[in-house]
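Work through the exercises below with the sequence and the 3D view at hand. Try each task before reading its solution.

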Amino acid sequence: MLVTESNAMSKQTLSPSHAVMGDATDVQEFQRLYREKFGLIYRYVYRKVGNREDAEDLTSEIFLKAVGALNQKFSPQSMHKWLFLIARSTVADYWRTHYRLPANSLDELLEAGWEVPV
């Protein structure tokens with residue numbers, strides 16, 4: 001299924017204006033950034049995880065991480081790169097926790113009945 005902004009989750013549900021603790025300018029800056037970059041970030045994340053629900057959660061997490069640095073001055077190009085850097089590291093963290101294997105020692109495996117090849 002091709003994911004577009006029209007069938008992606010509602011932008012209204014993700015816009016955490018209440019999360020921005022600054023003045024009205026910060027809220028407007030975040031809303032502008034959110035409107036401009038939501039579709040790009042969501043499609044990137046969806047392509048990496050292949051699951052709509054996880055892509056929605058991760059996209060909202062990415063924008064919440066971005067709220068903290070809105071008081072810094074970025075050029076539009078560096079803001080775009082910075083936002084995708086956050087997205088890339090957030091997706092990597094997702095897969096890291098998703099595929100984390102339990103640590104078993106060799107002794108535990110032998111006690112559980114595993115046999116050593118001869």
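**Exercise 1: Fold**

Read along the sequence, the protein chain has the pattern α-α-α-α-α. This is a predicted model, in which local features need pLDDT of at least 70, side-chain atom pairs count only at pLDDT 80 or more, and totals for chains, interfaces and linings use all residues. Residues are numbered from 1 along each chain as its sequence is written, and side-chain values use heavy atoms, with hydrogens and water left out.

Task: state how many helices and strands the protein chain has.

Solution. Helices (H or I, at least four residues) and strands (E, at least two) are DSSP runs, numbered from the N terminus. The protein chain has five helices and zero strands.

**Exercise 2: Confidence**

Task: find where confidence is lowest and where it is highest in the protein chain.

Solution. Start with the scale: pLDDT is the predictor's confidence in each residue, from 0 to 100. The chain mean is 77, and 75% of the residues reach 70 or more. Helix 1 (residues 11–14) is lowest, with a mean of 41, while helix 3 (residues 52–67) is highest, at 93. Where pLDDT is low, the predicted coordinates should not be read in detail.

**Exercise 3: Burial**

Task: decide whether L110 is buried, partly exposed or exposed.

Solution. First, locate L110: it lies in helix 5 (residues 106–111). Next, take the cut-offs: buried means under 20% relative accessible area, exposed over 50%, partly exposed in between (1.4 Å probe, protein chains only). L110 has a relative accessible area of 37%, so it is partly exposed. Across the protein chain, buried residues make up 31% of the 118 residues.
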